[in-house]
Amino acid sequence: MASKYVFDQEVEDLAKTILEAESYNWPQLPNVKFLVLETENCDYLGKCSKVTGKWKYLTGYNYVIEVWRTFWDSADFETRKALLNHEILHIEPVYKRDESFDWGLKKHDVEEFYDIVVKYGCWNDSLKAMKEAINNKAKIVG
Ligand SMILES: [Zn+2]
């Protein structure tokens with residue numbers, strides 16, 4: 001299967017609902033294009049990219065958020081919401097000294113190797129906070 005990007009109304013509608021319903025503390029709503037990547041294999045489930053330079057000028061978009069079709073089609077509603085909300089959280093205004101801003105890309109709260117967690121557990125504050133969040137959510141859901 002050749003890979004291609006397509007528009008998907010279902011993705012667009014759910015993403016816009018999340019964009020407008022959540023409180024993100026942004027100075028304005030960014031212009032985001034949502035796409036679905038149709039390809040056999042993909043090393044990510046979703047991706048948020050900042051649009052820059054000539055592409056920003058030509059399209060007017062600040063970001064492109066893509067989701068992988070195979071994962072999307074296999075995911076339930078809550079998982080789809082989690083994926084889109086995750087990608088949207090990468091959107092971040094970066095303020096300058098004069099209080100104007102550029103759009104940037106926010107990094108994950110936790111970045112770690114699975115092998116390190118297996119060996120050493122939650123060895124730093126961000127991992128401890130993530131463990132607590134997972135445990136709290138497990139109490140609500142489980
Ligand atoms: Zn991410």
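**Note on the predicted model: contacts, zinc site and surface**

1. Asp102 has a relative accessibility of 41% and therefore counts as partly exposed; buried means under 20% relative accessible area, exposed over 50%, and partly exposed in between, with a 1.4 Å probe and protein chains only. The structure is a predicted model, in which local features need pLDDT of at least 70 and side-chain atom pairs count only at pLDDT 80 or more, while totals for chains, interfaces and linings use all residues. Residues are numbered from 1 along each chain as its sequence is written, and side-chain values use heavy atoms, with hydrogens and water left out.

2. Asp102 is also a partner in a salt bridge with Lys96, where the closest N and O atoms are 3.7 Å apart. A salt bridge here is a side-chain nitrogen of Lys or Arg within 4 Å of a carboxyl oxygen of Asp or Glu. Lys96 has a relative accessible area of 42% and is therefore partly exposed. The search of the whole structure finds eight salt bridges.

3. Another of these contacts joins Lys4 to Glu38, with the closest N and O atoms 4.0 Å apart. This pair links distant parts of the chain, since Lys4 lies in strand β1 (residues 4-6) and Glu38 in strand β2 (residues 32-38), 34 residues apart. Helices (H or I, at least four residues) and strands (E, at least two) are DSSP runs, numbered from the N terminus. Lys4 counts as partly exposed at 47% relative accessibility, whereas Glu38 is buried, with a relative accessible area of 16%.

4. Asp8 forms a salt bridge with Arg69, and here the closest N and O atoms are 3.0 Å apart. This pair too links distant parts of the chain: Asp8 is in the loop between β1 and α1 (9-21), Arg69 is in helix α3 (residues 69-74), and they are 61 residues apart. Asp8 is buried, with a relative accessible area of 14%, and Arg69 counts as buried at 17%. Salt bridges link Lys4, Asp8, Glu38, Arg69 and Asp73 in a network.

5. Which residues coordinate the zinc ion? The donors are the NE2 atoms of His86, His90 and His108, at 2.0 Å. Donors are N, O and S atoms within 2.8 Å of the metal (3.2 Å for Na, K and Ca); water is not among the atoms, so sites may look incomplete. The sequence spacing of the donor residues is H-x3-H-x17-H. His90 lies in the loop between α4 (77-88) and β5 (91-95), and His108 in the loop between β6 (101-105) and α5 (114-120), so this pair ties together parts that are 18 residues apart in sequence. His90 counts as buried at 13% relative accessibility, whereas His108 is partly exposed, with a relative accessible area of 41%.

6. Five aromatic pairs are found in a search of the whole structure. Rings of Phe, Tyr and Trp (its six-membered ring) pair if their centres lie within 6.5 Å; planes under 30 degrees apart count as stacked, over 60 as edge-to-face, and the rest as tilted. Tyr24 and Trp26 are stacked, because their ring centres are 4.4 Å apart and their planes stand at 10 degrees. Both Tyr24 and Trp26 are buried.

7. The rings of Tyr63 and Trp103 are edge-to-face, because their centres are 5.9 Å apart and their planes are at 75 degrees. Tyr63 lies in strand β4 (residues 63-68) and Trp103 in strand β6, so the pair ties together parts that are 40 residues apart in sequence. Tyr63 is buried at 0% relative accessibility, and Trp103 is buried with a relative accessible area of 9%. Ring pairs link Tyr24, Trp26, Tyr63, Tyr95, Phe101 and Trp103 into a cluster.

8. How many disulfides are there? The count comes to zero, a disulfide being a pair of cysteine sulfur atoms within 2.5 Å. The sulfur of Cys42 has its closest cysteine sulfur in Cys48, 15 Å away, which is too far for a bond. Cys48 counts as buried, at 9% relative accessibility.

9. Trp55 is found in helix α2 (residues 53-59) and is exposed, with a relative accessible area of 54%.
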